Amino acid sequence: MAGLRARRARRQSAFRWAVLAVMGVFFLLPLAAMLEFTTRGGGGTWSLLADWPRLSETYPDLAEGIVASLGQALLTALLMLALLVPTAIWVRLRLPGLRPLVEFICLLPLTIPAIVLVVGLAPVYAWVTYFLGGSSLTLTFAYTILVLPYAYRSIDAGLSAIDVRTLAEAARGLGAGWFTVMARVVLPNIRSAVLSAAFLTVALVLGEFTIASLLNRTNLQVAINLLGKSSATMSVAVSLAALILAFLLLLLLTLFGDRRKASR
Amino acid sequence: MNGLNGVAVHLDDLRRTFGAVPALDGLDLHIEPGELVALLGPSGCGKTTALRVLAGLEDADSGRVLVDGKDITGLPANRRDMGMVFQAYSLFPHLTALQNVQFGLKLRRRAGGDRAAAMLDLVGISSHAGRYPHQLSGGQQQRVALARALAIEPQVLLLDEPLSALDAKVRVQLRDEIRRIQTEVGTTTLFVTHDQEEALAVADRVGVMRDGRLEQLAAPAEVYLRPASAFVADFVGLSNRLPGHVDGDTVTVLGARLPLVRPGATGPRVTALVRPESVGVVPDPDGAGRVLSTAFLGPTSRVTVEVGDSVVVAQVSGELLGRLPVGSPVRLDLRPVPVTLEE
C-alpha cells in the first residue's frame with residue numbers, strides 16, 4: 001500500500017516537473033533568444049540603452065516614445081484613480097442599486113476590440129486635437145477607458161474585503177464629513193487594491209500599440225515597431241526591457257496582494 | 001440613573017417605510033437625561049431603524065427627533081454628536097486601538113492622547129492600546145469601539161446590538177461593564193437588542209417594539225411581571241398557553257385561581273399566559289400530570305408535564321429533578337402570580 005502511494009507520488013512529481021519544464025521552455029526560450037540576439041557582437045546595445053543622452057541622440061524617435069509612454073502611464077493612472085476610486089466608494093456607500101450598471105459600464109471596454117474602439121474614438125480625437133493639440137499625452141483619455149475593466153475589478157475587490165458601510169457610518173458618527181470618510185477611512189484600507197489598479201494601468205499602457213498607432217500618436221510600442229525596420233537589435237532589446245519592467249510591476253502587485261492577505 | 005451629563009431624547013411620531021413595509025409606524029419614545037433605554041423586539045420590528053434615525057444614518061419619512069430640546073431631524077450624522085457602537089466590528093483596520101479612539105477627538109481638533117488613553121483604561125483595555133483590530137478578540141474590539149464612542153463625550157450613546165457577535169460568557173461580562181460605564185459616565189443611552197435577558201439586565205427601562213411601534217415602555221421588572229400585552233408576555237420570557245375561565249378579576253387555570261394583570265376580559269373562556277417559574281411540580285402518585293421530558297440547565301431545570309390536553313413547562317430547582325423521572329405522576333402547583341390573557 002505504502003509502495004503504491006510512493007510510486008503515485010513519484011509519478012505526480014515527475015509530471016509536475018515535466019509540465020514546469022515545458023512551460024519554462026515555452027516562455028523562457030523566446031526571451032533567451034531575444035537576449036542572445038541583442039548581445040551579439042558585444043553588449044553595445046544594452047550599454048546604449050542604459051545611456052539616456054546617447055540613446056536619445058542616436059534614436060530620437062525611441063526616446064520620444066519612451067517619454068510619451070511614461071507620461072501616458074502616469075497620467076492614465078492618475079486620471080483613472082481620480083475617476084474610479086471616489087465613484088466606486090460612493091456607489092458602495094450611497095447608490096448600491098447602481099453597482100451593476102457601473103460594473104457593466106466599466107467592463108464594457110473589455111468586450112470591444114481595440115480596433116473597433118479606435119473607429120469610435122477617431123472622430124472624438126478630431127475634437128481632442130482641435131482643443132488640446134496633437135500631443136501623444138492626449139491618449140491618456142482613451143487609455144483611461146481601456147484600463148477601466150482591470151482597475152475597476154481591482155478596486156471593487158478591495159472594497160469588498162472591508163465593511164465599507166459600517167466603517168463609513170462609524171466615522172460619520174464620530175464627526176467625519178464625506179471627504180474625511182473617503183480620504184482617512186476608506187482609502188487607507190483599500191491602499192493595496194488602489195496600488196494594484198495603478199500597476200495594472202502602467203503595465204497595460206506601456207504595452208499598448210493599436211490605438212496609438214491608428215490615431216497617429218507615438219508611444220513606446222509604436223517607436224519599437226518603427227525601430228524594427230531600421231535597427232532590429234535595438235528594437236528587440238527595448239521590447240525585452242519593457243517586458244521585464246511589466247514583469248517586475250506584476251511581481252510587485254503580487255507582493256502587495258500577499259502582504260494584504262498576510263495582515264488579515 | 002445619573003443625569004449629570006445626560007440630555008433628554010425625544011422621538012416624536014417617527015414614520016419610515018422601506019418599499020411597502022413600514023419599519024417605523026408612528027414611534028414615540030422619550031428618554032430621560034442619563035437614562036439607559038433598551039429597545040427590544042423581534043427581527044424587523046423597527047428597533048434598529050429607530051436607532052439609525054436617531055443617529056442620522058437613516059432619514060425618517062415624517063416625525064421629529066429632539067435632543068436636549070433641539071430639533072435635529074434634518075441634521076447630518078456627522079453633526080449630531082452621538083457615539084455609536086455597531087453590531088459588526090467597526091474599528092478602522094488601519095489604525096491601532098489608541099488611534100481609533102483618537103480619531104473622533106482629532107476631528108474635533110482636540111489633542112486626544114490623554115483622553116483616549118483614559119477611555120481605554122475605562123473599558124479595561126489600556127494594555128492593548130498599540131494593537132491593531134485584527135490582533136484583538138471580538139470582545140476587545142467592542143470594548144475599544146465603546147471607548148471610541150465615549151471619547152468624544154457624545155450627548156447620546158447608541159448601542160446597536162453590540163454584543164450579538166460575541167460568545168455567551170464575554171457577552172455577559174461586557175454587558176455588565178457597559179452598564180457600569182454608562183452609570184459612571186451618565187450619558188443618555190439607547191441600547192438596541194433582540195436578547196431579552198440582555199435588555200432586562202442593563203436597562204433602566206425596556207421598550208418592547210412590535211411592527212414599528214412601542215408595545216410597552218417600562219422598568220424591566222414591570223415589563224416582565226406586568227406585561228402590557230400578550231405579545232410582550234410572550235416575547236419577554238417563556239410562557240405556557242393554558243386554557244382558563246375568567247371570573248371577575250381572576251382566572252381559573254388547571255383548578256388554580258390566579259389574579260389577572262389587567263382585569264376586564266371580554267369572554268369567560270380565555271387562554272392565560274403562565275410563566276414556567278410560576279408552576280410548581282410536586283411528585284404525587286395520585287397526580288393528574290405525567291412528566292414528558294426533563295432538561296438540566298445548571299442552576300435550574302425545566303420539566304415538561306402533560307395534564308389532560310395541555311402541555312405545561314415548569315421551571316424547578318436542580319435537585320428536584322432527580323425526583324421527577326420521565327413518565328412519573330405529578331401534581332402541578334400554580335403560584336398566584338398575576339397572569340396575562342391572550343387577546
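His10(B) has His30(B), a residue of β2(B), as its bridge partner. Before we go on, note that this is a predicted model, in which local features need pLDDT of at least 70, side-chain atom pairs count only at pLDDT 80 or more, and totals for chains, interfaces and linings use all residues. Residues are numbered from 1 along each chain as its sequence is written, while chains are lettered from A and ligands numbered from 1 in the order in which they are written.

| Element | Residues |
|---|---|
| α7(A) | residues 139–160 |
| α8(A) | residues 164–173 |
| α9(A) | residues 178–189 |

Now to chain A. Helix α7 holds Ile145(A). Why does Ile145(A) count as partly exposed? Because Ile145(A) has 18 C-beta neighbours inside 10 Å, and the class lies between buried (20 or more other C-beta atoms within 10 Å, with C-beta atoms placed from the backbone) and exposed (12 or fewer). From Ile145(A) to Cys106(A), 39 residues away in sequence, the C-alpha to C-alpha distance is 8.0 Å.

Finally, the two chains meet through 17 residues from chain A and 19 residues from chain B, where contact means C-beta atoms, placed from the backbone, within 7 Å. On the chain A side, α8(A) gives the most, with 6 residues.

Note on methods
Helices (H or I, at least four residues) and strands (E, at least two) are DSSP runs, numbered from the N terminus. Two strands pair if DSSP finds at least two bridges between them.
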